[in-house]
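Hi there,

Have a look at it first, then read on for what turned up.

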Amino acid sequence: LDGQGGELHALKVVGGFVGSNTEEGIKARTAMLTNTLETRMRVLDELDAMIDTESETDNKQLQYNTIKRSISKAPIYWGQVMPPTITAPVMACVVDGRIRTSLSLIAGAGASSKAQCDDWWALAQLPTEMGGLDVGGHAEGCRGYYASTVLACWPELQRTCPVLAGLSID
């Protein structure tokens with residue numbers, strides 16, 4: 001506490017980071033989330049290093065499925081439990097950028113122009129029903145993730161918070 005001026009600006013609660021809505025609290029929560037997500041994304045370094053051999057020829061499929069089904073789904077939790085003013089910048093910098101790098105390696109996009117890569121990434125973030133890969137897009141999704149959680153908890157919020165008791169969202 002001495003290094004923080006005697007104040008606790010943020011702490012971890014049920015996996016999310018809560019704190020005061022002061023500049024210090026926002027910085028602390030942002031730093032904690034950044035550290036957590038950078039740690040989570042490090043597994044992609046090992047995944048990116050996997051190459052096909054004579055006996056293992058499906059590494060790209062394994063890489064893609066790990067990204068789609070695990071790596072890209074985990075950050076949604078923080079988007080649900082923390083405000084988008086904190087999560088969106090971290091998701092853009094740490095999560096979406098790192099996932100894009102790994103998917104670019106799988107796709108062999110190195111010979112493509114920046115414009116082609118940007119178009120491909122925009123499409124990759126779409127759901128599979130719309131022709132995308134259903135990966136990334138977390139920075140854009142943070143507002144929706146958070147709003148869905150607030151709305152799911154709305155009756156309980158109204159019950160426990162007198163200020164919200166009379167407020168209708170219907």
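**Asn59 and its surroundings**

Setting aside neighbours within four places in sequence, Asn59 is in contact (heavy atoms within 4.5 Å) with Met50, Ile51 and Asp52. At 3% relative accessibility, Asn59 counts as buried, where buried means under 20% relative accessible area, exposed over 50% and partly exposed in between, with a 1.4 Å probe and protein chains only. Asn59 is found in helix α3 (residues 59–71); helices are DSSP runs of H or I with at least four residues, strands are runs of E with at least two, and both are numbered from the N terminus.

Before going further, a word on the basis: this is a predicted model, in which local features need pLDDT of at least 70 and side-chain atom pairs count only at pLDDT 80 or more, while totals for chains, interfaces and linings use all residues. Residues are numbered from 1 along each chain as its sequence is written, and side-chain values use heavy atoms, with hydrogens and water left out.

**The core and α5**

Of the 25 residues in the largest nonpolar core, Leu33, Leu37, Ile67, Ile99 and Leu103 touch the most other members. Such a core is a set of buried Ala, Val, Leu, Ile, Met, Phe, Trp, Tyr and Cys residues joined through side-chain atoms within 4.5 Å. The elements giving two or more residues to this core are α1 (23–41), α2 (43–48), α3, α5, α6 and α7 (138–152). With nine residues, α5 gives the most to this core.

Leu103, leaving aside neighbours within four places in sequence, is in contact with Tyr64, Ile67, Trp120, Trp121, Leu133 and Val135. Val94 is found in α5 (residues 84–107) and counts as buried because its relative accessibility is 10%. Not counting residues up to four places away in sequence, Val94 touches Thr34, Leu37, Glu38 and Met41. The C-alpha atoms of Val94 and Thr34 are separated by 6.9 Å, although these residues are 60 apart along the chain.

**The hairpin**

How do β1 (residues 10–13) and β2 (residues 16–19) pair, parallel or antiparallel? They pair in the antiparallel sense over four bridges, pairing being called when DSSP finds at least two bridges between two strands. Val13 has Gly16 in β2 as its bridge partner. The hairpin has two residues between the strands, and Val14 there takes a positive phi near 50 degrees.

Happy to talk any of this through.

Best wishes
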